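Here is a briefing for a reader new to this structure. Please look at the model first and then read the points below it.

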Amino acid sequence: MNTSSLPRPAGAGHLKELAERLWEAVAALDEHAATELVVRTLDEGISAESVLLDVIAVVQGRVGEEWAGNRLSVAQEHAATAINDRAVTAVGLHPSARTAVTRGRITVACVDGEWHALPARLLAEVLKLRGWRVDYLGAQVPTPHLISHLHNTRADAVALSSSIATRLPTAHAVITACQAVGVPVIVGGAAFGPEGRYARLLGADAWAPDARAAAERLISSPLPLPLPDHQQFDDLPHLADQEYTMVTRTGATLVQTVFAALQDSFPAMRDYDDAQRERTAEDLAHIVEFLSTALYLDDDELFTWFTTWTARILQARGVPAHSLLPALDLLARELKDFPRAVRMLAAANHILTAHIPTAAGNAV
Ligand code: B12
């Protein structure tokens, strides 16, 4: 057998160096350099899967870190993501990535409202390389259209991707809808939390931390056939208290009320220009959205994680993180009749107070 055309394993040091070189091309927004590097690496015999996961995915993670640290603007981050997306296309078109279909048919889709398409795209390409027939539906797939696609294609399974935790209530509805038509669901992406804890909570049939593990899981044994009578709300009995429903329903009014009151509690806001006021309103909307998601899951840690993350993002942009504390207090005042919301706001307040510097520069 001629083994010269088989992909060769690459050492960790070499892959790190390739990721560094791709990062340089992506950071310089040089699409040609990025795609040429990828094609040359494949020509040299490094496997397509390794280029996708050990090079492109690593660079995309770094794009996120640089954006969070305010070293890349939103526009640069969008351009870098678009270049990485084209690098993935270059991998998919390379002769070494042409793989015969030897397994079943799987649909890879993002939850409705989810814009993070690249993680799902990487998974789709890896599953193709492993012999699956893949229908990749991309970002924000409306649930009814996903379900008719499953009917039309007689898919063996759905791989559902979500990166942002606020899409989890929708993900829950999608998981239940797919299972109701007899199609098992494997989920993944950053939204599902450490060790996939929310995947289990929301009744998914399987979860995997990355595309390699997902491919291994799907090869090891077929996903269990879903129970047809699984009801979405049986998973989360705490929803009976209506806190999630009420906070979600009144979210817009809540943001407006807290925004107005914040000008008294946080006098520095009176000098904000229009753009700063707009960003503050956006931050408040995200806080309320994460609070309602934490209520949905009954998970205080999700909310404390989000407020700590927001504090770090604000600090990197020169906005004092302690400006979050009055917002949390005002929310707690508005939501005083909702014990779980009050508990979560108090936990976030406690963590922020202990960890963020005050205006004087010390931790309070
Ligand atoms: C690029 C990016 C964007 C782009 C997305 C463009 C695109 N076409 O994809 C844009 C600008 C649109 C965006 C917007 C936002 N983003 Co964003 N974004 C990112 C970023 C930098 C990279 C995402 C990515 O491609 N990662 C690379 C891949 C490789 O990630 P991965 O998750 O490791 O993927 C692997 C596994 O998760 C797994 N996997 C993925 N899907 C699936 C599915 C299945 C079935 C399985 C088994 C496995 C699996 O396999 C993948 C490959 O191994 C991340 C930071 C990061 N480090 O990931 C933030 C990040 C995802 N974004 C975040 C946030 C908060 C937002 C915004 C709310 C920001 C804002 N204030 O507006 C919005 C929300 C938009 C929305 N409604 O979806 C947060 C999400 C936090 C959370 N978990 O809740 C992150 C994590 C940043 C951070 N550090 O906090 N973002």
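A residue counts as near a molecule if one of its heavy atoms lies within 4 Å of it. By that rule, 36 residues surround the ligand, and the closest are Trp115, His116, Ala117, Ser161 and Ser163. This is a predicted model, in which local features need pLDDT of at least 70, side-chain atom pairs count only at pLDDT 80 or more, and totals for chains, interfaces and linings use all residues. Residues are numbered from 1 along each chain as its sequence is written, and side-chain values use heavy atoms, with hydrogens and water left out.

**Cobalt**
- His116 (NE2), 2.2 Å away, is the single protein donor to the cobalt atom of the ligand (donors are N, O and S atoms within 2.8 Å of the metal, or 3.2 Å for Na, K and Ca).
- Histidine 116 sits in the loop between β1 (105-110) and α5 (118-129) (helices, H or I, have at least four residues and strands, E, at least two, as DSSP runs numbered from the N terminus).

**Other ligand contacts**
- A polar side-chain atom of serine 161 is 2.7 Å from a nitrogen atom of the ligand.
- A polar backbone atom of alanine 117 lies 3.0 Å from an oxygen atom of the ligand.

**Shell around the ligand**
- Helix α3 gives the largest share of the shell, five residues.

**Helix pair**
- The axes of α14 (residues 324-334) and α15 (residues 339-355) come within 9 Å and cross at roughly 165 degrees (axes are lines fitted to C-alpha atoms, for helices over the stretch in contact, and angles run from 0 to 180 degrees between N-to-C directions).
- α14 and α15 are therefore roughly antiparallel to each other (angles over 145 degrees).

Note on methods: A polar contact is a pair of N or O atoms within 3.5 Å; within protein, one must be able to donate a hydrogen and the other to accept it, and residues adjacent in sequence count only if both atoms are side-chain atoms. Angles under 35 degrees count as roughly parallel, over 145 as roughly antiparallel, 65 to 115 as roughly perpendicular and the rest as oblique.
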